[in-house]
Each structure stands twice: as C-alpha cells, then as structure tokens.
Amino acid sequence: MQLYKKYVDLWQEGLVCAGFSSRLPDYAIRFWLEQLQKALAGRQAGSFLDVGAGDGRLSLLLLRSYSPQGTAIEVQVDSSVWASILQRYNRFDLKQGLLQEMLAGFAGKKSFDLIMLVEVFEHIPPADVPSFLDSLASVVSPNGCVFVTTPNYVVQGPAEHSSQWHERQPYGHYKHYTHQELVNAFEKVGFTERW
C-alpha cells in the first residue's frame, strides 16, 4: 500500500488538495502519509473513524486504500465537498457536530479499528480532554489503534503564541503538547503507545 501514490492519484483526479503547498510532490504531506502507512502496516482492513475530518481528503484516502467502511466527524461540514464521497461509498457516514458530543453518541460500541485524530487534539479545551479520551477509549475496538498528530510544543511553542490560538480564531488551538504530555494523557484512560 503506497498511500502517497494513492494521494497523488486522488489529487490528479481533482478530489483532494495538495496539502501544505499548491503542488505535488509536497514533501510534508509525503512524510506524514509515510507515518500513517507505518501505523497501518500489518493491520487488517476494518472500520475507521476520522475525527475532525475537515474536507474529507483523509477519509477518501482511507476509503480507497484501507477500508470501504468508516465514519467522519466534522464540526463545519461543506456539503458540496462531501457530496461525491457520500455518493460513492454507501458504507461511509458523515456526522456533523462537536467532537466530544459525537464521540459520546458512539460510546460503548467498540467498533472502530482505526481512529484518526489528525491535527485535532489541540482544538479540545484541556478541561474536556479526560472525558474526550474516555469516549475515545469506549469506541476503539480491542485491537484497534489511534493515530494522533498535533502541533509539537517543542517546535511550535505554546498555543497562545500561535496565530491559531482559540481566542484569535473560532475553533482554534487550546494547547500544544509535548510528546510526554500526550503519552500521559492517553495512558490515563488505558491506551499504550505502540509507536
């Protein structure tokens, strides 16, 4: 499975954006997709949950390369962008609303083999993190995994110094985490770091 090549194919079809630059190859998105490919290596296809799915580009990539069944959650849905994805995949669902509320609706089902939190965790108010992680733990399957990317405090500094600070931008960043802070937060609800 070459995720980056599949992403380029989707870009050439006009179905996804190029990522951080206006053209491909975009080396940042290539590196990121290589990390996702490592996380998926050896995993059987299963249902996925794309939390904070944005324009759906990663959901579409997973639908084409990992599993034809999944769910996306997004707070601000652009219906015109999502229409073609929803028409093509009848085992795919899109939920609109706040992440914490949507996850609570799935609680106890343990049905997702892969959960993606891609540039999402920093948008959760720190007071809500424990309940959010409890909800997350209740929806991941027993052998499932959570793939997390988030701005790194060491590289990008505190969230309040960011142009995306939640007091400057709606749905902005509340906190930038160190690796150890992420590990500690996830371990409190029973997750273990695999990689």
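**Close-up views of a predicted model**

**View 1. Val155 lies in helix α7, residues 153-156.** Helices here are DSSP runs of H or I with at least four residues, strands are runs of E with at least two, and both are numbered from the N terminus. This is a predicted model: local features need pLDDT of at least 70, side-chain atom pairs count only at pLDDT 80 or more, and totals for chains, interfaces and linings use all residues. Residues are numbered from 1 along each chain as its sequence is written, and side-chain values use heavy atoms, without hydrogens or water. Is Val155 buried or exposed? Val155 is exposed, with a relative accessible area of 68%. (Buried means under 20%, exposed over 50%, partly exposed in between, with a 1.4 Å probe and protein chains only.) Tyr153, Val154 and Val155 together form a nonpolar surface patch with about 330 Å² of accessible area. (Areas follow Shrake-Rupley with a 1.4 Å probe; for residues, only the protein chains shown count as cover. Patch residues have over 30% relative accessible area and no salt bridge; like charges are joined within 9 Å, nonpolar side chains, Val, Leu, Ile, Met, Phe, Trp and Tyr, within 5 Å. A salt bridge puts a Lys or Arg side-chain nitrogen within 4 Å of an Asp or Glu carboxyl oxygen.)

**View 2. Helix α6, residues 129-139, is mostly covered.** Eight of its 11 residues are buried. Among them are Val129, Phe132, Leu133 and Leu136. Ser135, Ala137, Ser138 and Val139 are buried too.

**View 3. The largest nonpolar core has 32 residues.** (Such a core joins buried Ala, Val, Leu, Ile, Met, Phe, Trp, Tyr and Cys through side-chain atoms within 4.5 Å.) Trp32, Leu33, Leu36, Trp82, Phe92, Leu114 and Met116 have the most contacts inside this core. Helices α1, α2, α3 and α4 each give two or more residues to this core, as do strands β3, β4 and β5. Which element gives the largest share? Helix α2 does, with six residues.

**View 4. Trp32 touches Leu58, Met116, Val118, Phe147 and Thr149.** Residues up to four places away in sequence are not counted.

**View 5. The protein chain has eight helices and five strands.** Its C-alpha atoms fill a box of roughly 40 × 35 × 30 Å along the principal axes. Of the 195 residues, 46% count as buried. The chain exposes about 10,200 Å², and carbon and sulfur atoms supply 50% of that area.

Terms used
Contact means heavy atoms within 4.5 Å.
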